Amino acid sequence: MRYNVYSDYLRQRYGEKVYKLPISIPVTCPNRDGACGTAGCVFCGEIGAGYENLPESMTVRDQIEANIAHIAPKYKARKYIAYFQNFSNTYLPLGRLKTYLDEASQPDIVGIALATRPDCINDSYLELLAEFRERTKIDISIELGLQSVQYHSLIKVNRGHTLGEYIDAVLRIKRYSIDICTHLILNLPWDDMIDTVENAKVMSALSVDQVKLHALYIVKNTAMADWYQQGQLTLISKEEYVERVVAFLEHLKSDIVVQRLIGRAPEANTLFSNWQTGWWKIRDDIERTLEERDTWQGKKCNYLNGPAVQKFL
Ligand code: SF4
């Protein structure tokens with residue numbers, strides 16, 4: 001492949017195909033409960049990212065069992081990553097986080113991925129995660145929502161944190177050798193191609209382990225939906241999205257794993273979702289474009305390690 005595909009990485013690391021199981025726990029987000037805001041990010045709907053999840057009222061153990069019962073016979077699956085997906089999964093007391101982690105520690109679980117915000121990471125939580133990994137031998141990764149390195153865009157998105165908190169979280173997590181996946185939206189209405197390339201350069205400079213790319217989808221009854229309906233937003237075309245992902249990959253360090261080139265997006269309850277086409281068709285367009293142009297991840301990653309003085313070496 002012309003980019004570092006997540007499923008290949010998992011197969012190499014664990015010796016076979018590994019499946020992610022979405023888990024919901026009763027948490028919220030500091031950008032909703034008033035700690036740093038009440039309105040949330042302008043694109044975030046009532047159910048956050050959990051439109052594919054089982055209800056949070058089920059125990060973690062029951063959610064894992066139900067998901068495995070569904071997936072295992074269908075794909076002959078044997079290894080899984082429990083993915084605490086919805087809202088900010090480190091925004092809760094340490095004791096409760098430990099309980100949920102312990103519940104997820106089951107024989108076929110090889111990894112736990114925790115989605116959270118950069119301002120919900122600190123040393124106490126990282127020590128707990130490192131201790132859990134040591135005790136259970138289950139890998140831990142943290143999926144950080146950032147969406148853009150363009151800090152003016154982060155204000156427009158109403159993230160409630162800036163690029164600074166993200167950089168602090170990445171450097172802090174790295175001290176515990178915990179893997180980091182950063183989520184980015186490559187078509188925020190305030191971002192252009194320069195921001196896209198800068199996204200790739202910052203991910204590379206910080207040496208994050210993985211990235212997950214999304215295209216913006218507009219959920220009804222959000223601030224973003226109001227702006228969209230009032231004609232205040234201009235969204236780029238599908239073709240321009242493909243161009244941005246290709247440029248992003250070209251500038252991304254070749255060893256960073258790419259979890260996704262575009263997210264699965266819900267159609268129900270949305271005003272705009274992946275240009276009203278299947279996510280896999282857009283993924284195929286991106287892969288075909290890489291092929292046709294004979295380009296690949298890292299081809300233009302020539303900006304690290306003092307490029308101006310390399311001629312003197
Ligand atoms: S940080 Fe995540 S859960 Fe919180 S408001 Fe933003 S998108 Fe929603």
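Where does Asp294 lie? Asp294 is found in the segment after helix 10.

## About the model

This is a predicted model, in which local features need pLDDT of at least 70 and side-chain atom pairs count only at pLDDT 80 or more, while totals for chains, interfaces and linings use all residues. Residues are numbered from 1 along each chain as its sequence is written, and side-chain values use heavy atoms, with hydrogens and water left out. Helices (H or I, at least four residues) and strands (E, at least two) are DSSP runs, numbered from the N terminus.

Most residues other than glycine have a negative phi. Asp294 is not a glycine, yet its phi is positive, about 50 degrees. With a relative accessible area of 44%, Asp294 is partly exposed (buried means under 20% relative accessible area, exposed over 50%, partly exposed in between, with a 1.4 Å probe and protein chains only).

Ser177, also a residue other than glycine, has a positive phi near 50 degrees. Ser177 sits in the loop between helix 6 (163-174) and strand 5 (179-185). Its relative accessibility is 58%, so Ser177 counts as exposed.

## Helix 9 and helix 10

Helix 9 spans residues 238-251 and helix 10 spans residues 279-292; their axes come within 10 Å and cross at roughly 55 degrees. Axes are lines fitted to C-alpha atoms, for helices over the stretch in contact, and angles run from 0 to 180 degrees between N-to-C directions. The two helices are therefore oblique to each other (under 35 degrees is roughly parallel, over 145 roughly antiparallel, 65 to 115 roughly perpendicular, and the rest oblique).
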